[in-house]
Amino acid sequence: MENETAVTSAVTTEPLVAPAQQAHEIALTLWEQLHGFSLGLLRPWNAYQIAILLAVFVAAHLLRHFLGPRVHAWMRTREGWPKWRMRFLVMLHRRLRLIFFVLLCWPTYWVMQETTWPSRSYLIGIVASLALAWLVIAIVTRLIANGFLRGLVRYAGWIWATLIILNLTGPAQELLDSLALHIGETRLSVWMVVQAVFVLGALFFIARIVSRTATGQIRKNEEISPSMQVLAVKFLQVLLYGAAFFIGLRAVGFDLTGLAFLSGAIGLGLGFGLQKVVSNLVSGVIILLDKSIKPGDVISLGDTFGWINSLGARYVSVVTRDGREYLIPNEDLITGQVVNWSHSNDFVRLDIYFGTAYGDDPHLVRKIAVEAAAGVERVLSMKAPVCHIVGFGDSSVDYILRFWIRDPTGGLTNIRGNVYLALWDAFQAHDISIPFPQRELRMLGDAHEAPTTKS
């Protein structure tokens, strides 16, 4: 029984001890290689190579010191260049020392290869390769707009290039692969995570470029309505990024069947806690399909009046005349009453009311009002203004003036105000008065005072 227990214990603990021992052995191997490399630096020719590299570095620093200000002064004269080109020049100016070091280091290495034994320039070749790799990676990663992602890719690229040049990729890969976790039947190692990060990053970067290019082509196609453009762009983005995600996981050997439990948990969460989110997503798809609203439309929803800036998956961005941007959930646009001022066309009719005195000729008043409104900018001449009498008030003859515009995004209150000013100027010029209520106040004497009579 004791032997069986010992055998069972050895079997159960061996899988747990083996990865730790393997990682320890790999770490020792790396340490031995680094230790041997450091000891090799004490050899005479290696010391000479270090001295040559220091001299090359000093020369690069001096060149940077003398030529840097001149390059900077030349850059200041290139004011008409595009912004991306100026940013590229600034990036190169900041790395002039490294550029000069690479430009001096490689000719030195080639000269020593031709004039002496290859082993006596080995260290210079390694340093030159490292400097060139770091410079290329620093330049290429400038294409990444996100600062955090750019720094992550840059440092990871430097580490990986260094390992390749020093021939340490094999031991490093074994070390990362030995650090693993077992989740059910799935083995998740650090090496797999590193691979997944780089592969997914590269695929997402490609998907982003393709998405931007396709989006630009869709936006330029005037035969596609704005709402269908938004729907096509959203569908394309989901398709590209989804394909990049699953292809990247399969490329690194991740078992996608393990996502079944995760998808079930997500579905359960959607059913209980994300009802509003799902409702807004579905409402957004419905809005894009039925074309009820589209970017650029002028809408009124409750007290909010403005034009649609963008259509999102969860909300619609509405910008008002005072510069405020309201994020209205898509569900409110489906279930609520929305006034779309530019749904079928851009024409909007506006009404204003006014009154004139009874002594003024109503025929002349109507003619003057129509001419005054027609002379206001933004009032359409193809749909001529009209003026009608709507009633006889207590102190004035009441009129309604109707006119049309086709740019509601320019505002409604301002155009009404301009028409009122035009009416005021026209009425002043033709001596037409705008009456206002007048009240007569009579002061009565003491009610208890008896009336006087004459005899």
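Let's start with helix α14, residues 413-429, which lies across β8 and β10 and runs at about 35° to β8. A few terms before we go on. Helices (H or I, at least four residues) and strands (E, at least two) are DSSP runs, numbered from the N terminus. For the angle, axes are lines fitted to C-alpha atoms, for helices over the stretch in contact, and angles run from 0 to 180 degrees between N-to-C directions. Contact here means heavy atoms within 4.5 Å.

What you are looking at is a predicted model, where local features need pLDDT of at least 70 and side-chain atom pairs count only at pLDDT 80 or more, while totals for chains, interfaces and linings use all residues. Residues are numbered from 1 along each chain as its sequence is written, and side-chain values use heavy atoms, with hydrogens and water left out.

Now, the sheet under that helix topic. It is an open sheet of three strands in the order β8-β10-β9, with antiparallel pairing; two strands pair if DSSP finds at least two bridges between them. β8 (348-356) and β9 (386-392) are the edge strands, each with a single partner, so one side of each has no neighbour in the sheet. On average, neighbouring strands here are turned by 25° against each other, direction ignored. Between β8 and β10, residues 397-405, there are nine bridges in the antiparallel sense.

S395 and Y358 are 37 residues apart along the chain, and their C-alpha atoms are separated by 7.6 Å.

Let's step back to the whole protein. There are 14 helices and 10 strands, and 29% of the 455 residues count as buried. Of the contacts between residues at least 6 apart in sequence, 62% join residues at least 24 apart.

Strand β5 (residues 315-320) and strand β6 (residues 325-329) run antiparallel and are joined by five bridges. Within that pairing, Y315 has P329 as its bridge partner, and V316 stands opposite I328. The hairpin of β5 and β6 has four residues between the strands, and G323 takes a positive phi near 90° there.

On a 1 Å grid over the protein atoms alone, a cavity is a set of points where a 1.4 Å probe fits but cannot get out, and a pocket is an open set with protein on both sides within 12 Å along at least five of seven lines; lining residues have an atom within 4 Å of a point. The structure holds one cavity of 30 Å³ or more, and the largest cavity has about 30 Å³ of space. Its lining is G284, I287, L288, L311, G312, V316 and N330. Helix α11, residues 275-290, gives the largest share of that lining, three residues.

Also in helix α11 is S283. Is S283 buried or exposed? S283 is buried, with a relative accessible area of 6%. Leaving aside neighbours within four places in sequence, S283 is in contact with N330, E331 and I334.

Last stop: the largest pocket, with about 690 Å³ of space. Its lining has 21 residues, and I144, L149, V153, G201 and F205 lie nearest the centre. α6 (147-165) and α8 (190-220) each supply at least two of the lining residues. Which helix gives the most? That is α8, with 10 residues.

Technical notes
Points joined across faces, edges and corners; volume = space filled by probe spheres on them. Buried < 20%, exposed > 50% of the residue type's maximum accessible area, 1.4 Å probe, protein only.
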